[in-house]
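Colleague: I'd like to learn how to read a few features in a model like this one. Could you take me through them?

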Amino acid sequence: MYHQLPFVLLFIILSLAPNGWSQNVCLKSKVNSCNDCITSGPYCTWCQQLNFTKAGEQESARCDTRVKLMGRGCEEEEIIDPVSSQQIIKNESLSTSFNMEEPIQLNPQKISLRLRPGFSTTFSVSFKRIQGYPVDLYYLMDLSFSMRDDLENVKGLGQDLFKTLAKFTSHAQIGFGAFVDKTVLPYTNTNKKKLQKPCEENYQCQATFGYRHVLSMTPKIEEFKEKVTDQLISGNLDSPEGSLDAMMQAAVCGDKIGWRNSSTRLLVLATDDGFHMAGDGKLAGILEPNDEQCHMYNSLYTKSNEMDYPSVGQVAMQLEKHNIQPIFAVTKNMEKMYEKLSKMFPKSEVGVLSKDSKNVVQLIESAYNTLSSKVTLTHENLPENVRVVYKPRCKDPKQEGDNKGVCDNVLVGQEIIFDITITADSCIENQTFSIRPLGIKDTLTVTLSTICECQCKDPRERGQQYCNGKGRISCGICSCSQGSVGQFCECSTGNKDEHSMKESCKGTSGTECDGHGDCVCGRCQCYTTESGSSYYGDFCQCDDEHCDKFQNKLCGGNGKCNCGKCKCDPGFDGSACQCPKSEEGCRTPNNTICYGRGTCKCNHCECKHGYQHPHCQKCLGCPDTCQTKSNCIECLGFESGPFEKNCSETCRKGIVHEMVDTFTIGSKLCKQRDTNDCWMNFKLEQLFGEDMFMAEILKKRDCPEPPNVAAIIGGSIASVALIGILLLMLIKLLIYMKDLKEFRKFENEKKKSKWAEADNPLFQNATTTVTNPTFTGE
């Protein structure tokens, strides 16, 4: 496996360097062989000269720029520096005109490149659009009901279309297709009657369909007229149409559409509405993604109701793959939408239709001129870590991104040239990719390999002697036989294998000899440092040059570096001996050092957690001492509380207290409640150290008065009696109110009663006759 630096980082560094400096830079990582060296950087070369390295010097010293190696005594012929090369495999001449044979508009056609990783190579590609190149135009029309006026005009377009195409070529063909939408809800009314006739009663129309191929490519005007004249308008429910479904089938069903191999392929999409895209099929329960395959039977798209709409990316990819250039002929209200869609297609145009599509011929002519005069060269199937840059040489070059070259306003028969620069950033073996103009079949096939192995001329006759008879020379260094290791195969591994011997040279870092030496016979042989001294230690882990610096001086000039750490002279301290030994800056007003709550380093207090500089006097992040010391204050001052039984052990060592009538300490007042529900008033002052305090406690506590039991009992009894009386009065009142209501109701009913005064016809009054027996009538 090759050890390589990230080439992106390498080229950023080189691009920022002054002119000429990059020629003298070899940025290398761990290098153990010539192959490792030439893949480490584009300017890295390898010296295969014997005895080039000194005893104990690592073999990676053989890897550097050509200038530096020669400066160190390596002969020029002993330097391995592979050079990139290119070979044109196929280079047929450009055609001058179309003569019914396969025309050639791009050369060369095949090229083979062998590149040094990181190095660029440039070659030229020529392009010339020939006169009379065939044109295939497929007219794909929206037949939804809103396009009824447009259909009538399109039926008479045949002659005008062929006449316009004759301006460009005598080999023109036209095809026709139509689309509406999927025949399921919510896109189409699935009522049987509406499905057969989706438009209004007074219009003659055909049943709704997804996409129908009407006419394959034909050069016959009459055939175009006949097929298009037979078309009827149709209809659906929603505004967006199945345009992408139709475009996908028109692209992938090439044998049914009749696209020719050598032709400019134009797909004219005429519509007055938007389009459904991938994901919209879920509204109808269609979950199967579009498979980008042809599903045409009897000229109908058979999978319309089974597959989701394709995505814009899928359609764009298939159009580019089949060299089809779309022309979107849309109404004014759809112009902005289709301009955004056009940006997703590598080569396309948008034109605005009049309300009845009368201007469609002029629109197609204008779009064709724009498309044919713009040549865009780009690539496909580019391998990883390969970069391609295009530089067009023409009258009107355009910059449209790094992955394409563009020339605009190119005339027919005009030859233009593109300089193409290719760079491979890693090792590649026989990878191919293609470069071609968009919308045109002509292709340049590039075969790419990289030079990642050195071709060294090794002296066979000296190999045995140079490598102590235990190996052979490989690019100037010994490749030892099994059982032998070392720079000259001088060590025998014995019962140990090479891996075990190398493991014994690894220290705590896990790197062999800490990266500062070679493992020879299981022991480290240390390298020399840049200044000429040596690394030392069992694993070459020590040196006396890499200690901390102060004011750009090693160990501040006040000590010596020993195995990566400073040993300071008397009177100095610190990691870089930068601090005079003094405690004046740490001394407090009470003549302590950092109040015992920090250490004095470099004449400054380094405080413990929470304590503040400069002298660690206050702790902003510590718990409130009024609360944490309240239990001790209670037991010390009033002999009560949780610590009453072990007060001396728990509290007397950390708190010196005094009972006072008034405070003399200036610290904040603490007011805490004790276990007897009294308020204690005290002040705390922190002494030397973290947990030493001076406390002043007020002798008198603020205790609440005891409750009046008699008053509480009397009040309770009176309250109960009062509540009882009030309840009885309330009940009496409710009974009275109810009786009063009933009495008033009785009075009202009594007033409403009426007694009848008529006589009973069966009743006869009694007759009384009175006779005086003594009366004689006289």
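Predicted model: local features only at pLDDT ≥ 70, side-chain atom pairs only at ≥ 80, totals over all residues.

Colleague: Let's start with the helices. How do the axes of α8 and α10 lie relative to each other?

Modeller: Look at the approach and the angle together. Helix α8 covers residues 243-252 and helix α10 covers residues 312-321. Their axes come within 9 Å and cross at roughly 25°. Since angles under 35 degrees count as roughly parallel, α8 is therefore roughly parallel to α10. The crossing in which α8 passes α10 is left-handed.

Colleague: And which residues in α8 and α10 meet?

Modeller: From α8 come L244, M247, M248, A251 and V252, and they meet V312, Q314, V315, Q318 and L319 of α10. Sorted by class, this contact between α8 and α10 has 8 nonpolar and 2 polar residues, with no charged ones.

Colleague: Now for the pockets. How does one find empty space in a model?

Modeller: A probe the size of a water molecule is rolled over the atoms, and that shows where empty space is left. In this model, the second largest pocket holds about 720 Å³ of space. It is lined by 27 residues, and those closest to its centre are Q617, C619, T625, Q686 and F693.

Colleague: Which elements each supply at least two residues of the lining of the second largest pocket?

Modeller: Those are α15, residues 625-628, and β39, residues 679-686. The largest share of that lining comes from β39, with 3 residues.

Colleague: How does the lining of the second largest pocket divide into nonpolar, polar and charged residues?

Modeller: There are 12 nonpolar, 7 polar and 8 charged residues in the lining of the second largest pocket.

Colleague: Let's turn to the backbone. Is the peptide bond from N107 to P108 cis or trans?

Modeller: Omega is the angle to check. For the bond from N107 to P108, omega is near 0°, and the bond is cis. You will find P108 in the loop between β5 (106-107) and β6 (110-115). The peptide bond from H613 to P614 is cis too, with omega near 10°. The loop that holds P614 runs between β36 (604-607) and α15, and α15 is one of the elements that supply residues to the lining of the second largest pocket.

Terms used
Residues numbered from 1 in each chain as written. Heavy atoms only, no water. Axes fitted to C-alpha atoms, helices over the stretch in contact; angles between N-to-C directions. Helix = DSSP H or I, 4+ residues; strand = E, 2+ residues; numbered from the N terminus. Parallel < 35°, antiparallel > 145°, perpendicular 65-115°, else oblique. Left-handed = near helix turned anticlockwise from the far one by under 90°. Contact = heavy atoms within 4.5 Å. Nonpolar A, V, L, I, M, F, W, Y, C, P; charged D, E, K, R; others polar. 1 Å grid on protein atoms, 1.4 Å probe; cavity = no way out; pocket = protein on both sides within 12 Å on 5 of 7 lines; lining within 4 Å. Points joined across faces, edges and corners; volume = space filled by probe spheres on them.
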